[in-house]
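I open this entry to keep a record of what I looked up, in the order in which I looked it up.

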Protein chains: 2
Amino acid sequence: MITFDTIREAHDRVRPHIHHTAVLTNHTINDRVGAELFFKCENFQKIGAFKARGGLNAVLQVAERNEGNAVTTHSSGNHAQAVAFAARQVGLPAYIVMPRTAPAVKKAAVLGYGAEVIECEPTLEAREAGVQAVIERTGAVLVHPFDDDRVIAGQATAAKELIADFGADKPFDTILAPVGGGGLLSGTALTTYYLSPSTRVIAGEPEGAADAVLSFQSGRVEKAPYIKTIADGLMTSLSERTLAIIRQHVSEILTVSDDEIAAAMRLVWERMKIIIEPSSAVPLAVVLKHTDQFAGQKIGIIITGGNVDLGKLPF
Amino acid sequence: MITFDTIREAHDRVRPHIHHTAVLTNHTINDRVGAELFFKCENFQKIGAFKARGGLNAVLQVAERNEGNAVTTHSSGNHAQAVAFAARQVGLPAYIVMPRTAPAVKKAAVLGYGAEVIECEPTLEAREAGVQAVIERTGAVLVHPFDDDRVIAGQATAAKELIADFGADKPFDTILAPVGGGGLLSGTALTTYYLSPSTRVIAGEPEGAADAVLSFQSGRVEKAPYIKTIADGLMTSLSERTLAIIRQHVSEILTVSDDEIAAAMRLVWERMKIIIEPSSAVPLAVVLKHTDQFAGQKIGIIITGGNVDLGKLPF
């Protein structure tokens with residue numbers, strides 16, 4: 001059970017290691033959507049993504065409690081960097097299982113933090129088998145990308161800062177986050193429930209990885225009908241744990257196409273002059289697609305990260 | 001004569017219309033160069049570039065003093081947007097002469113501010129002839145991109161904010177700006193001379209538009225040996241006016257190649273997660289090239305803008 005105290009303690013634990021990131025606004029985009037958008041810029045976070053928060057909250061506790069002499073995880077990118085970065089902060093070795101298709105810039109960053117990279121085929125089965133082999137070989141402790149209360153409580157601290165900084169005088173009508181495995185969304189929904197209960201939490205999901213919207217309806221962890229999206233951070237499915245939190249605290253999950261994601265991403269690059277990765281553009285794509293639904297609202301959006309392979313832009 | 005009062009008055013005049021832009025730092029880049037860099041982010045400025053400052057300071061004075069019923073200029077990009085934006089702020093028509101080779105995104109932005117675009121061949125002669133035709137047809141007042149004390153005093157306000165915000169306790173050792181026509185460099189050098197006289201001002205210039213370094217040596221306005229650079233905002237030559245200020249208040253002009261500019265630009269995109277245009281990367285390219293010269297220094301860098309044609313990246 002992740003209480004508000006869990007999230008507050010997570011924030012106290014990770015605070016010395018992270019940036020309290022900026023929140024940006026943009027007149028042109030506000031005019032275009034007819035709403036007031038506040039972008040929480042986790043692309044400016046350590047390792048270039050919010051995942052630093054969850055990775056740190058888990059790895060710092062592994063170290064505090066002497067749970068093991070190393071950490072491991074599997075990730076297509078940002079969580080890999082997060083665990084590698086967090087392990088370096090506490091002086092533990094990190095073994096990171098990454099699909100061979102992961103962006104080169106993300107692999108280079110993991111190596112740069114001094115972690116060992118083990119490549120595998122880009123399937124969930126191969127990733128889990130890779131981690132199992134690491135655990136048997138090294139005794140490392142697994143830090144799952146999202147199916148872990150400590151990771152979820154860490155991710156929850158981004159929305160905590162957003163609400164404390166910009167939702168105090170007048171609460172947000174809506175806070176939007178993208179959904180992949182559901183770690184960020186779960187944390188965002190829990191924080192919002194505790195700190196700003198009148199605020200609706202809505203998730204954006206790529207049409208090409210539309211498992212969460214199905215699971216949200218059926219109440220069971222479903223697979224996506226197909227996986228093909230530029231939002232490479234959002235390809236994973238929910239877990240029982242994240243689905244339960246999301247069913248309880250999220251109002252709605254809306255899907256967008258890759259073209260819509262690319263257009264939103266380009267809009268942010270061109271007008272806000274910040275680098276965001278495709279996954280980060282999913283919530284704005286949702287707002288651009290459903291302007292009627294969001295008209296006149298005060299909206300918080302978690303910009304999840306800015307780790308883009310500049311050689312492979314979707315526009 | 002641009003006194004400190006001129007610059008202070010310019011700041012008071014433009015302040016209601018501009019952003020007081022953020023100053024960013026980056027640990028990775030600091031570690032790499034062995035110095036402490038403060039990036040003044042004019043890519044977050046109105047119109048996406050510092051030129052909003054100079055354009056506004058000139059156009060607001062044209063309006064205040066009833067000097068004419070319209071404004072005009074020639075520019076390859078950001079100054080065009082600046083004058084169009086400033087004219088809209090005061091309700092004057094703007095006629096902007098732009099080379100037909102100017103980036104599409106910059107032309108679109110000028111049109112978006114309600115200005116009329118007159119295309120011309122990409123030569124200084126064609127641009128000046130285009131402006132002359134506009135003046136004869138409409139009686140518009142010329143707002144020159146840099147050969148104008150009001151424009152220079154406006155550009156000077158960027159360094160004024162940088163020094164006030166981050167140079168008060170401990171002065172900058174060096175402030176770097178790129179040089180094209182010399183408006184920003186002149187303004188930066190004057191502000192620094194008035195506010196932080198112990199700080200050296202150094203300019204960066206592309207090898208493929210290396211007129212300023214020659215003029216700086218000879219004391220006469222020289223032409224570049226050749227013009228070929230990705231830093232499309234820096235192709236113009238100095239004027240007598242800007243050369244005089246630069247010779248008096250700038251310590252040194254250092255040149256960098258297009259490869260060095262592209263590498264510095266990419267470094268900022270990848271590590272700082274902000275969009276900067278090639279011209280903005282020139283000062284960092286200078287620091288990366290001459291790390292010995294700048295080691296251990298506290299350095300201010302004016303990031304001039306972020307208006308990039310995303311379809312034409314130099315990497």
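How much of the chain is helix and how much is strand over residues 15-305 of chain A, and how far apart are the end C-alpha atoms? I found 47% helix and 16% strand there, with the end C-alpha atoms 18 Å apart; helices (H or I, at least four residues) and strands (E, at least two) are DSSP runs numbered from the N terminus. UniProt, in an unreviewed entry, places the feature "domain: Tryptophan synthase beta chain-like PALP" at these residues of chain A, in the numbering used here, with a shortened name and an annotation that may be inferred rather than shown by experiment.

I note that this is a predicted model, in which local features need pLDDT of at least 70 and side-chain atom pairs pLDDT 80 or more, while totals for chains, interfaces and linings use all residues. Residues are numbered from 1 along each chain as its sequence is written, chains are lettered from A and ligands numbered from 1 in the order in which they are written, and side-chain values use heavy atoms, without hydrogens and water.

Next, the helix pairs. In chain B, the axes of helix 11 (residues 258-272) and helix 12 (residues 278-289) come within 7 Å and cross at roughly 100°, the axes being lines fitted to C-alpha atoms over the stretch in contact and the angles running from 0 to 180 degrees between N-to-C directions. That makes helix 11 of chain B roughly perpendicular to helix 12 of chain B (65 to 115 degrees; under 35 is roughly parallel, over 145 roughly antiparallel, the rest oblique). The residues of this contact divide into 11 nonpolar, no polar and two charged (Ala, Val, Leu, Ile, Met, Phe, Trp, Tyr, Cys and Pro count as nonpolar, Asp, Glu, Lys and Arg as charged, the others, Gly among them, as polar).

I then turned to the interface, where 19 residues from chain B and 19 residues from chain A take part (contact means heavy atoms within 4.5 Å). The area buried between chain B and chain A is about 1,500 Å², of which carbon and sulfur atoms give 63% (accessible area, 1.4 Å probe, lost on putting two parts together, summed over both).
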